[in-house]
Amino acid sequence: RKGSVIITGASSGLGLATAKALAETGKWHVIMACRDFLKAERAAKAAGIAKENYTVMHLDLASLDSVRQFVDNFRQSGRPIDVLVCNAAVYLPTASEPTYTADGFELSVGTNHLGHFLLSRLLLEDFNKSDYPSKRLIIVGSITGNTNTLAGNVPPKANLGDLRGLAGGLNGLNTSAMIDGGSFDGAKAYKDSKVCNMLTMQEFHRRYHEETGITFASLYPGCIATTGLFREHIPLFRLLFPPFQKYITKGFVSEDESGKRLAQVVSDPSLTKSGVYWSWNKASASFENQLSQEASDADKARKVWDISEKLVGLA
Ligand code: NDP
């Protein structure tokens with residue numbers, strides 16, 4: 001049978017390119033888990049994904065109710081889950097004030113980390129029902145959360161501190177909207193959320209790899225400077241960022257190429273090692289990359305996990 005893969009945020013950018021790359025092989029059925037149903041349908045059509053190779057299902061990661069509803073709907077669909085790709089994200093670099101999810105969490109960490117945390121925790125038990133030979137749970141990371149890289153050192157740097165803001169619920173009322181308890185900074189909130197993504201992947205690996213055989217992985221797909229991720233940025237930045245990445249840093253990667261990379265992490269038989277953060281070199285060959293000290297801190301990973309469980313109502 002075909003593999004069955006859920007991709008969050010498959011209505012644009014990396015998620016859409018990955019859906020296309022997998023669907024084209026004829027070996028995958030892609031469940032596009034998206035907040036805007038019509039946009040996702042149109043995007044799939046425009047990308048030329050054949051009807052029999054995808055299904056759009058509604059998921060708004062900025063609402064825990066919606067996450068639970070999605071899981072119910074998915075179960076009722078009777079489809080198996082073989083691979084889950086947590087890809088969706090928001091990036092709000094120019095926001096001067098925090099905005100919030102339906103549950104009152106700062107929007108970037110609430111969507112990118114907490115929504116995906118609940119989703120992947122709930123779907124973990126559904127993997128048991130799959131007989132697919134190589135089950136995988138992939139959480140898209142980023143170089144920007146990695147302070148051991150040049151890109152990760154562009155201020156404001158990611159820093160989760162002692163997690164006091166996260167522990168307080170990131171609601172900006174009786175506590176800060178930022179994980180470290182500091183004042184709001186949209187670019188930093190995004191980077192912090194990506195550190196949480198990478199820590200969560202490793203904590204999943206430590207807790208569940210042996211027991212379930214699932215491969216847990218994260219990746220940095222390259223700088224895909226043309227995606228919607230930068231839609232909130234100032235116009236001059238949006239104009240100059242793609243050529244800057246193409247000709248100066250040479251970290252630029254097209255949406256097509258990034259989709260092929262993520263599709264590799266989903267399906268390549270040689271990428272089954274669990275607990276790995278994948279990157280690609282200039283010749284577009286995959287390699288196991290090192291994470292920064294904070295993004296590989298096992299103690300912090302456990303703490304983020306425990307606090308997140310409470311925030312999403314699992315503990
Ligand atoms: P896009 O903005 O193109 O795609 C993000 C997707 O997330 C969109 O489909 C968007 O939906 C969806 N999304 C946003 N909020 C929600 C929500 N509340 N519920 C459900 N879906 C939501 O950006 P990219 O393709 O660039 O980003 C994809 C991933 O790649 C992210 O995890 C990002 O951190 C990562 N990444 C990107 C890099 C880059 O250079 N672009 C570099 C490194 C990592 P909608 O279409 O409705 O807006």
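Which residues in α6 meet which residues in α9? In this predicted model, local features require pLDDT of at least 70 and side-chain atom pairs count only at pLDDT 80 or more, whereas totals for chains, interfaces and linings use all residues. Residues are numbered from 1 along each chain as its sequence is written, and side-chain values use heavy atoms, with hydrogens and water left out.

Helices (H or I, at least four residues) and strands (E, at least two) are DSSP runs numbered from the N terminus. On the α6 side, Cys196, Leu199, Thr200, Glu203, Phe204, Arg206, Arg207 and Tyr208 are in contact with Ala298, Lys300, Ala301, Arg302, Val304, Trp305 and Asp306 of α9 (contact: heavy atoms within 4.5 Å). The residues of this contact comprise eight nonpolar (Ala, Val, Leu, Ile, Met, Phe, Trp, Tyr, Cys and Pro), one polar (the others, Gly among them) and six charged (Asp, Glu, Lys and Arg). Helices α6 (residues 186–212) and α9 (residues 298–311) pack at an angle of about 95 degrees, and their axes lie 9 Å apart; axes are lines fitted to C-alpha atoms over the stretch in contact, and angles run from 0 to 180 degrees between N-to-C directions. The two helices are therefore roughly perpendicular (65 to 115 degrees).

In helix α2 (residues 37–46), Ala40, Glu41, Ala43 and Ala44 are buried (under 20% relative accessible area with a 1.4 Å probe, protein chains only; exposed, over 50%). These residues lie on the same side of α2, because they cover an arc of only 165 degrees around the axis, taken from the directions from the helix axis to the C-beta atoms.

Notes. Parallel < 35°, antiparallel > 145°, perpendicular 65-115°, else oblique.
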